Amino acid sequence: MTDQNPNSRSSPGQPPEAVAGHPPEVVVLRTGGPMSSRRIEPTSAVATLAPGTPEELVQRLVDRLRHAGVDASQLDLGDGVLMLPGVTAVGATRLLAGEPAVERVYIPDTRYRLVRREIFPGGTIVDVAGVKFGGPEFVVIAGPCAVESPEQVLAVAEGVARAGAAVMRGGAFKPRTSPYDFQGLGRQGVEALVGARTATGLPFITEVMRHDLVEEMAPLVDGFQVGARNMQNFDLLRALAEAGRPVLLKRNPGATIEEWLLAAEYLLAGGNDQVILCERGIRTFSVDTRYTLDLASVALAKRETHLPVIVDPSHATGDASLIAPMAKAALGAGADGVMVEVHYDPAVALSDGFQALTPAELTSLVADLAALAPQLGRALAGAPTPARAPETAVPRAVSS
Ligand code: PEP
Ligand code: MN
């Protein structure tokens, strides 16, 4: 309900006036297609609040509902949302008749509630240090799998900036399948990303695996990544809900769409609607690509939720030669962006080198996406500020 909220449904105006006896619109949300196998009894309501509703009015309503036995709670999402657990359509009409603070009441028929598309039909814009996900622009995030040294991340970041990507990535805390593989530089890696951001102007997203690191890292990062393995690390999700930073939530390779959306629901239910969903490949019988890129999940998540959805073709395919075609397919499928891994010398990368693009390959991919985007009603997002990308000698990677 703040005036600054980018997802306010309308500009702040006069507080709403009561219309005596006027019931708010109550809508039972019904999902379709095979997702209808996920349907539940619609017995919990989500009420959206009228723009500009004064805080005291909302508090009085919450108090009244609690007095009536409803465990109502308020969330600062969009223009404001009230959670009304256990309230059915009939109950909502009875409890909220003539209530000026309430714009509309939704009763979802799925376990995920706040992420449902119908609640913010225009879509949520996620703002990563000025780069907007979920609007007309298609965003390219690029950078190394792992931060290997300050010199390596700076050299890659400069290549990423020159290629025209809008956001940088780089892993400092690395989730590795084998304990013998390079585990990342940790805090020093995040400091190296901060240095690369200062030099290039590119904001960055980085993964954090532990909930107790979130508060310390939040002032440094522009966005957090939840890695595929941590999609259901609920302590981490709860901490990120309160971190005041956007979250890129990767789908676990074994997760259903419902589980993925419920993980996102943790973030929204904790008060953070700045969530980007990321499809990064799922586990199937096929072993010819690293995972199987589930592009239908992109279109489905876009249909089911109001959140931006992006694609990570690097982990999905594990093969540098497949990144460009899959990134273009992601744009075609309606994704809001892609995240790709880049290394100036993939052969010496300390992790995921086989799926890394070179800066030159990224440059040609970004040019192709920029040419394709307008045909699909999109444009490529630029960096938030003019990126400073001086030519520098390419250093060798330091060994871990
Ligand atoms: C990564 O982005 O480097 C990564 C580890 O990805 P994922 O969690 O999807 O495996
Ligand atoms: Mn990787």
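**Stop 1: Cys-278**

Select Cys-278 and its contacts: Leu-248, Leu-249, Lys-250, Arg-251, Ile-310, Asp-312 and Met-339, leaving out residues up to four places away in sequence. Contact here means C-beta atoms, placed from the backbone, within 7 Å. The model is predicted: local features need pLDDT of at least 70, side-chain atom pairs count only at pLDDT 80 or more, and totals for chains, interfaces and linings use all residues. Residues are numbered from 1 along each chain as its sequence is written, while chains are lettered from A and ligands numbered from 1 in the order in which they are written.

Cys-278 sits in strand β13. Helices (H or I, at least four residues) and strands (E, at least two) are DSSP runs, numbered from the N terminus. Is Cys-278 buried or exposed? Cys-278 counts as buried, with 28 C-beta neighbours inside 10 Å. The cut-offs: buried takes 20 or more other C-beta atoms within 10 Å of the residue's own, exposed 12 or fewer, and partly exposed falls in between, with C-beta atoms placed from the backbone.

**Stop 2**

Look along the side chains. Val-275, Leu-277 and Glu-279 point one way; Ile-276 and Cys-278 point the other way.

Pairing requires at least two bridges found by DSSP. Leu-248 has Ile-276 as its bridge partner in β13.

**Stop 3**

From β12, step to β11, which runs parallel to β12 and is joined to it by three bridges. Gln-225 stands opposite Leu-248 in β12. Strand β11 covers residues 223–226, and both of its faces are covered. Gly-223 and Gln-225 are buried on one side, Phe-224 and Val-226 on the other.

Then select β10, residues 204–207. It pairs with β11 in the parallel sense over three bridges. Ile-205 has its bridge partner, Gly-223, in β11.

**Stop 4: the nonpolar core**

Which residues touch the most other members of the largest nonpolar core? Val-160, Val-167, Leu-249 and Ala-264 do, in a core of 124 residues. Such a core is a set of buried Ala, Val, Leu, Ile, Met, Phe, Trp, Tyr and Cys residues joined through C-beta atoms within 7 Å. Helix α7 (257–269) gives the most, with ten residues. Domain 1 and domain 2 both give residues to this core, so it lies between them.

Centre on Ala-264. Not counting residues up to four places away in sequence, Ala-264 touches Val-115, Leu-249, Val-275, Leu-277 and Leu-307.

Next, select helix α8, residues 295–304. Its buried residues are Ser-297, Val-298, Ala-301, Lys-302 and Glu-304. They pack against α7, β13, β14 (309–311) and α10 (320–332).

**Stop 5: two domains**

Colour residues 25–110 as domain 1 and 126–380 as domain 2. These bounds come from an automatic or database domain assignment. Over C-alpha atoms, the domain centres are 33 Å apart. The contact takes six residues from domain 1 and five residues from domain 2.

**Stop 6: the five-stranded sheet**

Go to the open sheet ordered β1-β5-β2-β4-β3, with mixed pairing. The edge strands, each pairing on one side only, are β1 (25–29) and β3 (73–75). Neighbouring strands are turned by 25 degrees against each other on average, direction ignored. Axes are lines fitted to C-alpha atoms, for helices over the stretch in contact; angles run from 0 to 180 degrees between N-to-C directions.

Helix α2 (89–96) packs on the sheet, touching β1, β2, β4 and β5 (102–108). The direction of α2 makes about 165 degrees with that of β5.

Inside the sheet, pick β2 (45–49) and β4 (81–84), which pair in the antiparallel sense over four bridges. Val-46 stands opposite Met-83 in β4.

**Stop 7: two positive phi angles**

Select Ala-129, in the loop between β6 (126–128) and β7 (131–133). Its phi is near 45 degrees, a positive value in a residue other than glycine. Ala-129 is buried, with 20 other C-beta atoms within 10 Å.

Finish at Asp-352, in the loop between β15 (337–341) and α11 (359–372). Phi of Asp-352 is near 55 degrees, a positive value in a residue other than glycine. Asp-352 counts as buried, with 20 C-beta neighbours inside 10 Å.

Terms used:
Two residues are in contact if their C-beta atoms, placed from the backbone, lie within 7 Å.
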